[in-house]
Structures are given as C-alpha cells and as structure tokens.
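Here is a short tour for a reader meeting this structure for the first time. Keep the sequence and the 3D view open while reading.

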Amino acid sequence: MEMINAIGRRKTSVARVFLTKGEGNILVNGKDFKEYFPQRHVQYNITDPFSTVEVENIYDLKVNVRGGGYKGQAEAVRMAIARALVKLNEDFRKPLKDKKYLTRDSRAVERKKYGKPKARKSFQFSKR
C-alpha cells in the first residue's frame, strides 16, 4: 500500500493527512496527537473514524494542520482521516457518512460590519 493523502477543513483550519500501513502512530505537526491535543474529548475526535470502521492500530498517520483553534483543527483532522479511509476502501463510506464525518461544516465567523461593534450587535438605541 502506498501513501494516501486527503484534506479536511473546518472554520479556518486546514488539515492534510498522509495515511500509510503501520501500527497506529498518529503524528500531528511532528508531535504525538495526545501531546498536540491534550484534551480527551478532542483526542476522541481524531480516533473515532478508525473505530467507526474498526481499523484501529493498522495505519500510521502524518498530519499537517494550520489555522484556527484546537477544536476546529481536530474536526478538520477528523474529516481528512475519514476522506482518506474512503479513498482506501469505498465500503467505509456508508458508516462514516452516517456519522457525518464526510460532511463539510461550513459554519464560520461572520465578518464585522461597519457602524456596528460586532457582526450583528448594535449600539444601544435611544429614542430621545
């Protein structure tokens, strides 16, 4: 098996994943994923696509991720892993799609408008 790569995005984060045969090592930006994402619920985001299709500890991952915060980065990595697994085996599409791991979440921060303190918030209105 050669190297399979895929891209995942969420908010302003972009993750590139390189999947190879191995023993389950996951490197994110040169660090172990448990060191890069110390929170347990965020680590679960990254490992869940493997447990969904029941292929834990079979593939090694090398991940490059940029932009956004830790949660957006973790969800971008999750999407990229799911896309790489589908490239590997088309039978994985249904369970991953059922958990919505292949769907791009397009919600992002709305831009600030002029004359307002934030995107939609207004200054206090005074009638008199």
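Leu-27 stands opposite Lys-62, a residue of β5. This is a predicted model. The pair belongs to the contact line between β3 and β5, where 3 bridges join the strands in the parallel sense.

**The sheet**

What is the order of the strands in the sheet? It reads β1-β2-β5-β3-β4. The sheet is open, is made of 5 strands and has mixed pairing. β1 and β4 (31–32) each have a single partner strand, so they stand at the edges and one side of each is left without a neighbour in the sheet. In general, strands of a sheet pair through backbone hydrogen bonds, in either a parallel or an antiparallel way.

Start with β1 and β2. Strand β1 covers residues 4–10 and strand β2 covers residues 13–21. They run antiparallel and share 7 bridges. Ala-6 has Val-17 of β2 as its bridge partner. Ile-7 stands opposite Arg-16, again in β2.

Now cross to β5, residues 59–66. It runs antiparallel to β2, and 8 bridges join the two. Ala-15 is bridged to Val-65 of β5. Lys-21 has Tyr-59 of β5 as its bridge partner.

| Strand pair | Sense | Bridges |
|---|---|---|
| β1 and β2 | antiparallel | 7 bridges |
| β2 and β5 | antiparallel | 8 bridges |
| β3 and β5 | parallel | 3 bridges |

Look next at the loops. The hairpin of β1 and β2 has 2 residues between the strands. Lys-11 is found in this loop. Its phi is near 50 degrees, which is a positive value in a residue other than glycine. Is Lys-11 buried, exposed or partly exposed? With a relative accessible area of 48%, Lys-11 is partly exposed.

Asn-29 sits in another loop, the one between β3 and β4. Asn-29 also has a positive phi near 50 degrees, and it is not a glycine. The relative accessible area of Asn-29 is 34%, so this residue is partly exposed.

**The helices over the sheet**

Helix α2 takes in residues 40–52. It lies across β2, β3 (26–28) and β5. Its direction makes an angle of about 145 degrees with β3.

Helix α3 takes in residues 70–88 and has 19 residues. From first C-alpha to last it reaches 27 Å, close to the 27 Å expected at 1.5 Å a residue. Helix α3 lies across β1, β2 and β5, at about 145 degrees to β1. How many residues of α3 are buried? The count is 14 of its 19 residues, and the helix is mostly covered.

**A buried aspartate**

Return to α2, where Asp-48 lies. Its relative accessible area is 3%; buried means under 20%, so Asp-48 is buried. What does Asp-48 touch, leaving out residues up to four places away in sequence? It touches Lys-99 and Tyr-101.

**The largest pocket**

The largest pocket holds about 150 Å³ of space. Which elements each supply at least two residues of its lining? They are α2 and β5. Among the lining residues are Thr-47, Phe-50, Tyr-59 and Leu-61. The lining also includes Gly-24, Ile-26 and Phe-33. Val-55, Glu-56, Asn-57 and Ile-58 line the pocket too.

**The segment after α4**

Finally, move to the segment that follows α4 (93–98), where Lys-113 is found. Lys-113 has a relative accessible area of 25%, so it is partly exposed. Where are its contacts, leaving aside neighbours within four places in sequence? Lys-113 is in contact with Lys-118 and Ala-119. Lys-113 and Ser-51 are 62 residues apart along the chain, and their C-alpha atoms are separated by 43 Å.

Note on methods: Residues are numbered from 1 along each chain as its sequence is written. This is a predicted model: local features need pLDDT of at least 70, side-chain atom pairs count only at pLDDT 80 or more; totals for chains, interfaces and linings use all residues. Side-chain values use heavy atoms; hydrogens and water are left out. Two strands pair if DSSP finds at least two bridges between them. Helices (H or I, at least four residues) and strands (E, at least two) are DSSP runs, numbered from the N terminus. The expected span of a helix is 1.5 Å times one less than its number of residues. Buried means under 20% relative accessible area, exposed over 50%, partly exposed in between (1.4 Å probe, protein chains only). Contact means heavy atoms within 4.5 Å. Axes are lines fitted to C-alpha atoms, for helices over the stretch in contact, and angles run from 0 to 180 degrees between N-to-C directions. On a 1 Å grid over the protein atoms alone, a cavity is a set of points where a 1.4 Å probe fits but cannot get out, and a pocket is an open set with protein on both sides within 12 Å along at least five of seven lines; lining residues have an atom within 4 Å of a point. Grid points are joined across faces, edges and corners, and a volume is the space filled by probe spheres set on the points.
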